[in-house]
Amino acid sequence: MAEQQSGAQGALSMLFGTPFMSWQWPDSDELNRELTGLILEREASDPQGRGIRSNAGGWQSRGNLITWSEPCIQALKERYEAMVFNLLGQIVRKDGSERRFQLLTDAWANVCRRGDYNVVHTHPNAMWSLVYYVSAGEPDPSVRYGGALELLDPRESANYIQVQHTILDARSFIENIPGRMILFPSWVKHMVHPFVGDGVRISIAANVNVVETNPVKP
Ligand SMILES: [Fe+2]
């Protein structure tokens, strides 16, 4: 490595970052059990679901999950809304005015068994996408990234400037840990690596559009 010159001590900051949130909801076992039972019941009664989207194998429910009347779905809705409002609270400019938002949500369940995966995709016509993990199944620990969600770096060729194992590493893997909820912009490309193992891997995804009900005056 070249000798470092003294005097060039500018602070590092990141430009054009991609917002990402992750939260592990406590006390989720019972909720996840109820969601698992309900989703598998729906799969059995509606094998077609919403058809083939990004999923290669597996099953996706119709996109009206958030309107299902079961209490576990309503509990989930509260969690989704809490996270999006948390995000909004962190990104809006604090100028003393009260700002109100309404959320328009489209949500669906994903069920994967051995060999199922999701190809690289984005969620068009949405602002924010969330995932809530319900069941991890029994993944084979010898398979690296099996069933993992991978978020792809949106910057073209960003890895061109990198040496390995730095804070700039571009691959981001999210493990299915029941109770975990994540949020990211809907334009971020992502995929789910093939699930290898026994049991069922279940997640719930949602697209949320945010509408400001008292728009900021110009
Ligand atoms: Fe997706």
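In the largest nonpolar core, which has 33 residues, Leu130, Tyr132 and Ile204 touch the most other members; such a core is a set of buried Ala, Val, Leu, Ile, Met, Phe, Trp, Tyr and Cys residues joined through C-beta atoms within 7 Å. At least two residues of this core come from each of helix 1 (29-45), helix 2 (71-91), strand 4, strand 6 (128-135), strand 10 (180-185) and strand 13, and strand 6 gives the most, with six residues. Helices (H or I, at least four residues) and strands (E, at least two) are DSSP runs, numbered from the N terminus. This is a predicted model, in which local features need pLDDT of at least 70 and side-chain atom pairs count only at pLDDT 80 or more, while totals for chains, interfaces and linings use all residues. Residues are numbered from 1 along each chain as its sequence is written.

Leaving aside its neighbours within four places in sequence, Tyr132 is in contact (C-beta atoms, placed from the backbone, within 7 Å) with Leu76, Arg79, Met181, Ser203 and Ile204.

Helix 1 has 17 residues and reaches 24 Å from its first C-alpha to its last, close to the 24 Å expected at 1.5 Å a residue, where the expected span is 1.5 Å times one less than the number of residues. Its buried residues are Asn32, Leu35 and Ile39, a residue being buried if 20 or more other C-beta atoms lie within 10 Å of its own, exposed if 12 or fewer, and partly exposed in between, with C-beta atoms placed from the backbone. Seen down the axis of helix 1, these buried residues fall within an arc of 60°, so they line one face of the helix; the arc is that of the directions from the helix axis to the C-beta atoms. Helix 2, strand 4, strand 6 and strand 13 are among the elements that cover them, whereas the face turned away from the buried side of helix 1 carries the exposed residues Glu30, Gly37, Glu41, Ala44 and Ser45.

Strand 4 pairs with two strands listed below, pairing here requiring at least two DSSP bridges between the strands.

In the loop between strand 4 and strand 5 (117-121) lies Gly115, which counts as exposed because it has 11 C-beta neighbours inside 10 Å. Not counting residues up to four places away in sequence, Gly115 touches Gly57 and Pro194, and its C-alpha atom is separated by 8.4 Å from that of Gly197, 82 residues apart along the chain.

Key: Contact = placed C-beta atoms within 7 Å.
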